[in-house]
Amino acid sequence: MNVPPQRQPSVPSEPAPCPACGARLGGRAGCQAAFDALCAASWASPARGAVHNLLVDAYCMQHPEDYCRSAKSYAAHLTGLSCGLEAGGDSRLYWAVARWLDGSQEVTKPALAATGARGAVTVASAVACADDAHYTVVVRAWAATVWEAYREQHDLARGWRMAAAAATRDANSGAGARR
Ligand SMILES: [Zn+2]
């Protein structure tokens with residue numbers, strides 16, 4: 001008579017960490033799925049929508065291999081954190097940065113922050129939020145830790161932000177003069 005082998009007691013194993021940010025949501029794919037779901041939720045709630053730019057810029061600066069391949073996309077997300085955290089999240093400023101980078105403006109991409117040094121808070125913290133009010137607080141805190149991780153590039157980002165604002169002012173005053 002065959003004796004069935006004894007089963008191993010099942011040990012709940014932690015999901016694999018994301019190689020880019022360290023979130024334990026099931027590797028890079030699980031991390032991406034969590035981010036995509038949060039982006040979708042931004043459209044369903046004005047409170048979540050208000051921190052959508054911070055969500056995107058924080059996530060992208062923690063996954064620069066995927067989202068910051070070009071110097072301009074890197075500049076857009078890093079400068080976006082400066083707009084959101086240091087300039088009140090003014091939507092006109094975000095547009096100014098996008099328009100400035102859309103032009104012939106040349107930017108140089110700095111070295112990426114090493115994996116493991118991109119901020120201790122990750123998308124996993126935002127996923128864990130049950131209500132919108134808590135979510136907005138967590139996303140702001142998350143974005144602040146990512147911004148802090150890129151401390152050596154703050155002056156660079158502020159320079160880009162101010163150049164974009166100045167270029168927009170010049171364009172607007174030029175248009176006004178022609179009228
Ligand atoms: Zn990740």
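Which helices do the buried residues of α3 pack against? They pack against α1, α4 (64-67), α5, α6, α7 and α8, where contact means C-beta atoms, placed from the backbone, within 7 Å. Helices here are DSSP runs (H or I, at least four residues), numbered from the N terminus.

Before selecting anything, note that residues are numbered from 1 along each chain as its sequence is written. The model is predicted: local features need pLDDT of at least 70, side-chain atom pairs count only at pLDDT 80 or more, and totals for chains, interfaces and linings use all residues.

Select α3 (52-62). Of its 11 residues, 10 are buried (20 or more other C-beta atoms within 10 Å of the residue's own). Among them are L55, A58 and M61.

Next, show the largest nonpolar core, which has 41 residues; such a core is a set of buried Ala, Val, Leu, Ile, Met, Phe, Trp, Tyr and Cys residues joined through C-beta atoms within 7 Å. L55, A58 and V123 have the most contacts inside this core. The helix α3 gives the most to it, with seven residues.

Now centre on A58. Leaving aside neighbours within four places in sequence, A58 is in contact with L81, W142, A143 and V146.

Finally, select α5 (residues 71-86) and α8 (residues 132-149), whose axes come within 10 Å and cross at roughly 125°; the axes are lines fitted to C-alpha atoms over the stretch in contact, with angles from 0 to 180 degrees between N-to-C directions. The α5 side of the contact is L81, G84 and L85, and the α8 side is A143, A144, V146 and W147.

Key. Helix = DSSP H or I, 4+ residues; strand = E, 2+ residues; numbered from the N terminus. Contact = placed C-beta atoms within 7 Å. Buried ≥ 20, exposed ≤ 12 C-beta atoms within 10 Å, placed from the backbone.
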